[in-house]
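Welcome! Please take a look at the structure below, and then we can walk through its charged side chains and rings together.

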Amino acid sequence: MDEVGEEAAWHGVRPGLLTMRRLVLALWLGPLVLAAAVVPAVLGAPVWSLPALAPLLLGAWGWRALGRNFRSWRYQERDDDLLISRGVLWRQLTVVPYGRMQLVEVTSGPLDRKFDLARLQLHTAAAASDATIPGLEPAEAERLRDRLTALGEARSAGL
């Protein structure tokens with residue numbers, strides 16, 4: 001796959017993952033903001049609506065944090081291993097050698113399916129080295145699963 005001196009390309013996750021996560025944030029914080037703003041106003045004390053600013057600010061911070069986290073997810077297929085990079089404050093680079101993979105599965109929950117997303121889960125002999133790539137297109141997740149499974153079988157034959 002890689003030529004000498006040439007690095008393989010990093011692949012990001014689909015924008016639907018960011019949309020889904022922001023929707024979940026809005027669904028969790030929306031009612032809280034509404035209650036904190038409306039209830040005091042209805043009870044005749046509009047000044048007490050100011051506490052609504054706290055969840056509103058939390059939502060704005062979460063919105064931005066989700067965007068930064070989304071942009072940090074990427075993966076790269078190399079000749080001997082798969083790299084998965086993620087994180088903003090705590091950056092994490094996971095290297096999964098093809099020969100160490102025991103199980104590769106594709107999952108898709110109800111929200112994932114609504115946004116046409118799938119999650120690739122890699123299981124290795126060491127539980128701490130299991131890796132996940134969320135927010136993939138289902139066809140790409142299946143292609144990766146098939147490719148990684150084939151490479152894993154070929155590389156583990158000598159172990």
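To how many aromatic pairs does the count come? It comes to zero, with rings of Phe, Tyr and Trp (its six-membered ring) pairing if their centres lie within 6.5 Å. This is a predicted model, where local features need pLDDT of at least 70, side-chain atom pairs count only at pLDDT 80 or more, and totals for chains, interfaces and linings use all residues. Residues are numbered from 1 along each chain as its sequence is written, and side-chain values use heavy atoms, without hydrogens and water.

Six salt bridges turn up in the whole structure (a side-chain nitrogen of Lys or Arg within 4 Å of a carboxyl oxygen of Asp or Glu).

| Contact | Distance |
|---|---|
| Glutamate 77 and arginine 143, salt bridge | 2.8 Å between the closest N and O atoms |
| Arginine 74, charged end over the ring of tryptophan 10 | 4.2 Å from the ring centre |

A charge sits over a ring if NZ of Lys or CZ of Arg is within 6 Å of the ring centre and within 35 degrees of the ring normal.

Definitions and conventions: Rings of Phe, Tyr and Trp (its six-membered ring) pair if their centres lie within 6.5 Å; planes under 30 degrees apart count as stacked, over 60 as edge-to-face and the rest as tilted.
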